[in-house]
Amino acid sequence: MAGRSAIPVLVGMMLLTGCSNTLLTKYQDMQCVANCNTSRPKVFEQPVIQTLQMFVGESGCWLVVLIGYFFRRMRSTSRERKDDIAYEPLVRGNSEDDTMRDEEEDTEGGMSTSQTLVDPTNVVAKPFVDGEDMQRERRPLTGWKISMLALPAICDILGTTLMNAGLLFVAASTYQMTRGALVLFVGLFSVIFLKRHLSGWKWASLFIVVLGVAVVGLAGALEKKGVAPASDISRGPRPEHDGEHLMRTAMLFVREAVSTAEARTAAETVVGILMIAGAQIFTATQFVLEESIMEKYSMDPIQVVGWEGTFGFSVTLIAMGILHAVIGRTAAGRGGWFDARGGFDEVFHNRTIGITSLMIMVSIGGFNFFGLSVTRSISATARSTIDTCRTLFIWLVSLGLGWESFKWLQVLGFALLVYGTTLFNEIVQPPTLAFLRGRRTTTRRQGVALGDSDEQ
């Protein structure tokens, strides 16, 4: 467990890697790969390859496991040498270091996957497992049973690919905010499959989340609907001077060349939001499958991430080959989402896309590592709060880069999302309960004051 001084560093790195992942993916979607000197350039649109990048980043967690293994071997070897030299009493009690180390191992071993493992860029929902269930003895997850982690990995493939495709049609902040719908499906699936009970305020918080997602989507659709097409610049009367005409033509070219990736219609924006929100169904299913597995079996969470990354990479690579053979090689599918050969060619021959791909892999691996470290050092609920701040930072950076404009309606939607999520995770209390508790405390104080005055 990290020391107190390291917690701010872990939190900062979690925010940095989490924000970088979404922003780099959106930046990658905006890169021109063909017809760059025309009014309709072709941009990088490869959501399946971006899913493969994510699983490469998750598989990178095995490097952390390997480094930790060698570090423990070196530490045990040095300790054995010291023990050979130092005098050992016949009866030796547990030292304070050994006690702290045992407590740390017990803490890490008792953590459920729902507390520690999340989709690399997801908003964390409150863990399903109650305190009593966490104390249940679990068997180690070894042998062929490790292959059960392929099921949540497949759900991760479907959810991530849908979200990457949806990101092509919406702004980065809208994408991140819409992912807040995860808590809705987590709550529903916890009732349906895990037989959990939700109170009235839990259901109310889920309704608030749905309302927030709807407002965010409405803000994006209204913005796209109100934006005039870039070609409207040239529809005005022809200028008298050639210089002015040349300036207007240059403005048209620059505007279309730079913002074609963002010039989506209102219908495309709605489709993108529906794809991102629908992807949360697969992510919530992933959580339920992980929970059902980890209630019976135990494994270090970072190894679970590594195994899911390995299974996800293998299944995605096989699926890419099949889809390329069936769709990508056809005349209609060439240059599309399932054209694996064309997609890899764009990655390896476009320097910007290649560099951002490497940075995305590193950011995903880092987000998993720092996220798990934060959960172990603080709590899963704290990680949920921090991840909400990640959405805010992505929004601010997008505004600063000029990728989107400020919209008050989006602020309202984001506020509803944050309030609904924190209410569901019990970070804030319902207003009625807070009011009743405050009123009860006031009544007690008044009763005590009246009793004192009567005695006098």
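Before the first helix pair, one definition: a helix axis here is a line fitted to C-alpha atoms over the stretch in contact, and the angle between two axes runs from 0 to 180 degrees between N-to-C directions. Please keep in mind that this is a predicted model.

With that, take helix H7, residues 150-167, and helix H12, residues 266-294. They pack at an angle of about 165 degrees, and their axes are 8 Å apart. Angles over 145 degrees count as roughly antiparallel, so H7 is roughly antiparallel to H12. The crossing of H7 and H12 is left-handed.

Which residues in H7 meet H12? On the H7 side they include Leu151, Pro152, Cys155, Leu158, Leu162 and Met163. On the H12 side, among them are Met275, Ile276, Ala279, Phe282, Leu289 and Ile293. Asp156 of H7 and Glu290 of H12 also belong to this contact. By class, the contact of H7 with H12 comprises 14 nonpolar, 7 polar and 2 charged residues.

Now the chain as a whole. It has 18 helices and 4 strands. Of its 456 residues, 44% are buried. If you take the contacts between residues at least 6 apart in sequence, 82% of them join residues at least 24 apart.

Next, the aromatic rings. A pair of rings is described by the distance of the centres and the angle of the planes. Searching the whole structure gives 9 aromatic pairs. One of them is Trp62 with Trp307, an edge-to-face pair at 5.2 Å centre to centre, with 85 degrees between the planes. Trp62 sits in helix H3, residues 61-85, and Trp307 in helix H13, residues 301-328, so this pair links distant parts of the chain, 245 residues apart.

A second pair is Phe189 with Phe193. This one is also edge-to-face, 5.5 Å centre to centre and 80 degrees between the planes. Phe189 has 13% relative accessibility and counts as buried, while Phe193 is exposed, with a relative accessible area of 52%. The cut-offs behind those words are under 20% for buried and over 50% for exposed.

There is also a cluster: ring pairs link Trp395, Phe406, Trp408 and Phe414. What does Thr391 touch, leaving out residues up to four places away in sequence? The list is Gln176, Met177 and Phe414. Thr391 counts as buried, at 3% relative accessibility.

Asn35 is in the loop between strand S1, 32-34, and strand S2, 42-43. Most residues other than glycine have a negative phi. Asn35 has a phi near 55 degrees, which is positive, and Asn35 is not a glycine.

The other residue is Met359, in helix H15, residues 351-377. Met359 counts as partly exposed, at 42% relative accessibility. Thr25 lies 334 residues away from Met359 along the chain, and the C-alpha atoms of the two are separated by 9.6 Å.

Notes: Residues numbered from 1 in each chain as written. Predicted model: local features only at pLDDT ≥ 70, side-chain atom pairs only at ≥ 80, totals over all residues. Heavy atoms only, no water. Helix = DSSP H or I, 4+ residues; strand = E, 2+ residues; numbered from the N terminus. Parallel < 35°, antiparallel > 145°, perpendicular 65-115°, else oblique. Left-handed = near helix turned anticlockwise from the far one by under 90°. Contact = heavy atoms within 4.5 Å. Nonpolar A, V, L, I, M, F, W, Y, C, P; charged D, E, K, R; others polar. Phe/Tyr/Trp six-rings, centres within 6.5 Å; stacked < 30°, edge-to-face > 60°. Buried < 20%, exposed > 50% of the residue type's maximum accessible area, 1.4 Å probe, protein only.
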